[in-house]
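Me: Hi! I have a structure here that I'd like to talk through with you. Could you help me find my way around?

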Amino acid sequence: MSISEMLAAQPVLRTPRLTLVQLGPDFLDDTMAALADTDAMRLTGTRGEFTREQVLAHLSRLPGADDRADFAIVDDGGRYLGEVVLNDLDDDNLAMNYRIALTGVEMRGQGYGTEAGRAVVDWGFDAVGLHRISLDVYSFNPGAQRSYEKIGFQVEGRARHTLLWDGEWVDSVLMGMLAEDPRP
Ligand SMILES: CC(C)(COP(=O)(O)OP(=O)(O)OC[C@H]1O[C@@H](n2cnc3c(N)ncnc32)[C@H](O)[C@@H]1OP(=O)(O)O)[C@@H](O)C(=O)NCCC(=O)NCCS
């Protein structure tokens, strides 16, 4: 199967504590709650107000999309923990971008993000056939950088002053992982 076909047929991924399922309209309330998490919005540099209609329109486009894979992270009790995404497909160069956000401060620091990330990265390399997965993390978010390093992402560079937040310039740390890199 081609990369596009693999992405369109996005499977359910399972880890010891989590199930990653296709994100879509069923998760509208969860996604609206996530957008109200001001700390996560700062950490991801997300600005702007999104109406319920806009969010529903976005979620409706995700199932079956052949250029991205959006997973809802759900725990054993069926509780929504956040989302993890492969997007920005560069088909010619077998590359995609990675991003993740757990909803709610209480979800963080328990290894859930790292566990979900490992599953998505393994699927991206081993099943989809990607060669490279990359991401940006703001310099004020060392916890996220640490989580990415535990998955196997390596720091590749730094882009200066990519975000102006509350009057302060923030840098982006650029990280990447190749299919053949160690997976700690
Ligand atoms: C980023 C995120 C996905 C990481 O997932 P997580 O489950 O919280 O991560 P983990 O618990 O596996 O690991 C966090 C690590 O950061 C470390 N850490 C936390 N705060 C830190 C800090 N200020 N400085 C350095 N390390 C820190 C923890 O000690 C832990 O490392 P350890 O396991 O070696 O002790 C999650 O916290 C999240 O969604 N945060 C909010 C949104 C966000 O920041 N998204 C990423 C945008 S790029």
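Me: Let's begin near the start of the chain. Where does Q10 lie?
Reply: Q10 lies in the loop between α1 (3-8) and β1. Helices (H or I, at least four residues) and strands (E, at least two) are DSSP runs, numbered from the N terminus. One thing to keep in mind: this is a predicted model, where local features need pLDDT of at least 70, side-chain atom pairs count only at pLDDT 80 or more, and totals for chains, interfaces and linings use all residues. Residues are numbered from 1 along each chain as its sequence is written, and side-chain values use heavy atoms, with hydrogens and water left out.

Me: Thanks! Is Q10 buried or exposed?
Reply: Q10 counts as buried, at 12% relative accessibility. Buried means under 20% relative accessible area, exposed over 50%, and partly exposed in between (1.4 Å probe, protein chains only).

Me: And how far is Q10 from P63?
Reply: Their C-alpha atoms are separated by 8.3 Å, while Q10 and P63 are 53 residues apart along the chain.

Me: What about L81, where is that one?
Reply: L81 sits in strand β4. L81 is buried, and its relative accessible area is 0%.

Me: How many bridges join β7 to β8?
Reply: Eight bridges join β7 to β8 (residues 168-178), and the two strands run antiparallel. W165 stands opposite E168 in β8.

Me: Now charges. How many salt bridges are there?
Reply: A search of the whole structure finds 12 salt bridges. Each is a side-chain nitrogen of Lys or Arg within 4 Å of a carboxyl oxygen of Asp or Glu.

Me: Which residue does D39 pair with?
Reply: D39 forms a salt bridge with R108, and the closest N and O atoms are 2.8 Å apart. This pair links distant parts of the chain, 69 residues apart: D39 is in helix α3 (residues 38-43) and R108 is in the loop between β5 and α5 (112-128). D39 counts as partly exposed at 28% relative accessibility, and R108 is partly exposed too, at 24%.

Me: What about D126, which partner does it have?
Reply: D126 forms a salt bridge with R183, with the closest N and O atoms 2.9 Å apart. Here D126 is in helix α5 and R183 is in the segment after β8, 57 residues apart. D126 counts as exposed at 56% relative accessibility, whereas R183 is partly exposed at 32%.

Me: And R132?
Reply: The side chains of R132 and E156 meet in a salt bridge (2.9 Å, N to O). R132 lies in strand β6 (residues 132-138) and E156 in strand β7, so the pair ties together parts that are 24 residues apart in sequence.

Me: Last one: where does D92 lie?
Reply: D92 is in the loop between β4 (80-90) and β5 (95-102). D92 is exposed, with a relative accessible area of 74%.

Definitions and conventions: Pairing = 2+ DSSP bridges.
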